[in-house]
Amino acid sequence: MIGVLEPSVDSIATALAGRDEIRLQPTGAYAANLLGLSTQVPMQVVYLTEGSARTIQVGKQKITLKKTTPRIMATAGKTSGLVIQALKYLGRDRVDHQVVSTLENRLDDADRRQLMKDINSAPSWIRDIIRNIAAKGGSE
């Protein structure tokens with residue numbers, strides 16, 4: 001009745017990562033969407049990788065793999081990597097109290113500890129936000 005269902009972006013990415021033995025890190029609007037920081041669901045999802053750069057199309061879904069540095073990939077597959085990429089996408093000027101509050105409510109203590117472990121992988125302006133989120137968790 002509804003036709004053939006396409007696989008989810010995550011299942012495609014998981015299959016690619018397993019097949020090619022690479023790590024993938026969601027970035028941009030997709031990272032922000034996964035964290036609840038944006039309601040925008042991108043038609044083209046971008047992942048960072050240490051593997052080859054390429055674009056894969058499955059049905060209407062388009063996934064772009066962009067090669068990046070080992071430093072950026074250090075947080076791949078972790079909530080901290082998702083937070084860093086989402087905040088980079090939003091940009092310093094668009095990260096307000098609402099964004100920080102959403103992250104504070106969404107992240108658990110383990111996520112906060114991981115953020116602090118990975119803090120050196122983030123740009124300095126994001127480090128300040130990470131410290132605030134981690135401190136908020138410690139006071140609850």
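This is a predicted model: local features need pLDDT of at least 70, side-chain atom pairs count only at pLDDT 80 or more; totals for chains, interfaces and linings use all residues.
**Entry 1: helices against the sheet**

I start with the angle convention: axes are lines fitted to C-alpha atoms, for helices over the stretch in contact, and angles run from 0 to 180 degrees between N-to-C directions.

**Entry 2**

In what order do the four strands of the open sheet come? I read the order as S1-S2-S4-S3, with mixed pairing. S1 and strand S3 (54-58) are the edge strands, each pairing on one side only. From one strand to the next, the twist averages 30°.

Next I went through the pairs. Strand S1 (residues 24-26) pairs with S2 in the antiparallel sense, over three bridges. I noted two positions along that pairing: Leu-24 stands opposite Thr-49 in S2, and Pro-26 has Tyr-47 as its bridge partner in S2. On to S2 and strand S4 (residues 61-67), which run parallel and are joined by six bridges. There I found Val-45 opposite Ile-63 in S4.

Is strand S2 largely enclosed or largely open? I checked residues 44-49 and found five of the six buried, so the rest of the structure largely encloses S2. The cut-off I used for buried is under 20% relative accessible area.

A reminder to myself before the lists: in soluble globular proteins, nonpolar side chains tend to be buried together.

The largest nonpolar core here has 23 residues. Which of its members touch the most other members? I get Leu-37, Leu-87, Val-95 and Leu-103. Helix H2 (28-34), helix H4 (79-90), helix H5 (97-106) and helix H7 (124-138) are the elements that give two or more residues to this core. H4 supplies the largest share, six residues.

I then followed Leu-87 on its own. Leaving out residues up to four places away in sequence, Leu-87 touches Val-95, Val-99, Leu-103, Trp-125, Ile-126 and Ile-129.

I also found a second core, separate and made of 13 residues. Among its members are Val-9, Tyr-30, Tyr-47 and Ile-56. Tyr-47 was already in my notes as the bridge partner of Pro-26.

**Entry 2: salt bridges**

I counted six salt bridges, and wrote up three of them.

Arg-19 forms a salt bridge with Asp-20, where the closest N and O atoms are 2.8 Å apart. Asp-20 also meets Arg-54 through their side chains, at 2.2 Å from N to O. What does the pair Asp-20 and Arg-54 tie together? Asp-20 lies in helix H1 and Arg-54 in strand S3, so the pair links parts that are 34 residues apart in sequence.

Arg-19 is exposed, with a relative accessible area of 59%. Asp-20 is partly exposed at 27%, and Arg-54 counts as partly exposed at 25%.

Asp-128 forms a salt bridge with Arg-131, and the closest N and O atoms are 3.1 Å apart. The two residues are three apart in H7, which means about one helical turn separates them. Both came out partly exposed: Asp-128 has 44% relative accessibility, and Arg-131 has 42%.

One network to record: salt bridges that share partners join Arg-19, Asp-20 and Arg-54.

**Entry 3: a backbone angle worth a look**

Where is Glu-21 found? I placed Glu-21 in the loop between H1 and S1. Phi of Glu-21 is near 50°, a positive value in a residue other than glycine. Is Glu-21 buried or exposed? At a relative accessible area of 73%, Glu-21 is exposed, because the cut-off for exposed is over 50%.

Methods
Residues are numbered from 1 along each chain as its sequence is written. Side-chain values use heavy atoms; hydrogens and water are left out. A nonpolar core is a set of buried Ala, Val, Leu, Ile, Met, Phe, Trp, Tyr and Cys residues joined through side-chain atoms within 4.5 Å. Buried means under 20% relative accessible area, exposed over 50%, partly exposed in between (1.4 Å probe, protein chains only). Contact means heavy atoms within 4.5 Å. Two strands pair if DSSP finds at least two bridges between them. A salt bridge is a side-chain nitrogen of Lys or Arg within 4 Å of a carboxyl oxygen of Asp or Glu.
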